[in-house]
Amino acid sequence: MTDVDLASWRDSGSRRAVVEFVESVTRPGAAFVPPADRIATFDNDGTLWVEQPAPPQFDFLIRVWSQAAQQDPSLVEHQPYKAIVERDPAFFEGLATQDPEVVASVESAAARSWAGTTPDEFEAQVRRWAQTVRQPRFDVGYTNLVYQPMLGLFDYLKAHDFRVFVCSGGGRDFMRVFAEELWNLPKENVIGTAPAYEYTDGRIVRTDRMPTRRRRRPPSPRPRNSTGSS
């Protein structure tokens, strides 16, 4: 048994439920789960760090897109640049409710904004943002607003042979910049939205495309016989 515990958790029903679950799947018995099958997944925004008044990555994107709209006014005719310049609350509400058109416009703009850049170039830009931008409510950098109890839970699970993953709709490459130093997780354990990449002139660069998501094909209609009955 490990000495790692949930020291930053209050003695509550939630803490007891976590401990009881972990003990039940790691001790011999009907609920035992082999170490190879112990996997724990977590969301990011609102789970591992703050998400109000907006998810941190959106702060990053708004700053990039605001500057882009200043440099190229024609962008204001398109979303999400139009909503940012006009401070359109309906658009941002659609982002919060995951409106498909709003989300698609954000994903497309994110892919276009860094098309042709290398992973290292994108990471350097994210790190500059993290070092210079302060969260408006708490007046500290966003990377100082990670929830300590969740980090303690990560350590507790890993000490009991769980593999821990972060699975989010947020940008995979954005989250991976912080994964090792904030969450103590390997970058490959972070899953999220990501652009397509290509190998060009000896470099791996981002494209302006998002990988297409496979959709389940509807079942084919049953063939009819010569009388027209099924």
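Which helices and strands do the buried residues of α5 pack against? They pack against α2 (56-71), α3 (81-86), α4 (89-96), β3 (190-193) and β5. This is a predicted model, in which local features need pLDDT of at least 70 and side-chain atom pairs count only at pLDDT 80 or more, while totals for chains, interfaces and linings use all residues. Residues are numbered from 1 along each chain as its sequence is written, and side-chain values use heavy atoms, with hydrogens and water left out.

**Helix α5**
- Helices (H or I, at least four residues) and strands (E, at least two) are DSSP runs, numbered from the N terminus.
- Buried residues of α5 include V102, V103, V106 and A110, where buried means under 20% relative accessible area (1.4 Å probe, protein chains only).
- At the start of α5, the backbone nitrogen of E101 lies within 3.0 Å of a side-chain oxygen of D99.

**Residue V22**
- V22 belongs to helix α1 (residues 13-26), and it counts as buried because its relative accessibility is 1%.
- Leaving aside residues up to four places away in sequence, V22 touches Y156, L157, H160 and F162 (contact: heavy atoms within 4.5 Å).

- Strands β4 (residues 197-200) and β5 (residues 203-206) pair in the antiparallel sense over four bridges; pairing requires at least two DSSP bridges between two strands.
- E198 stands opposite V205 in β5.
- Two residues lie between the strands of this hairpin, and D201 takes a positive phi near 50°.

Notes: Buried means under 20% relative accessible area, exposed over 50%, partly exposed in between (1.4 Å probe, protein chains only). A polar contact is a pair of N or O atoms within 3.5 Å; within protein, one must be able to donate a hydrogen and the other to accept it, and residues adjacent in sequence count only if both atoms are side-chain atoms.
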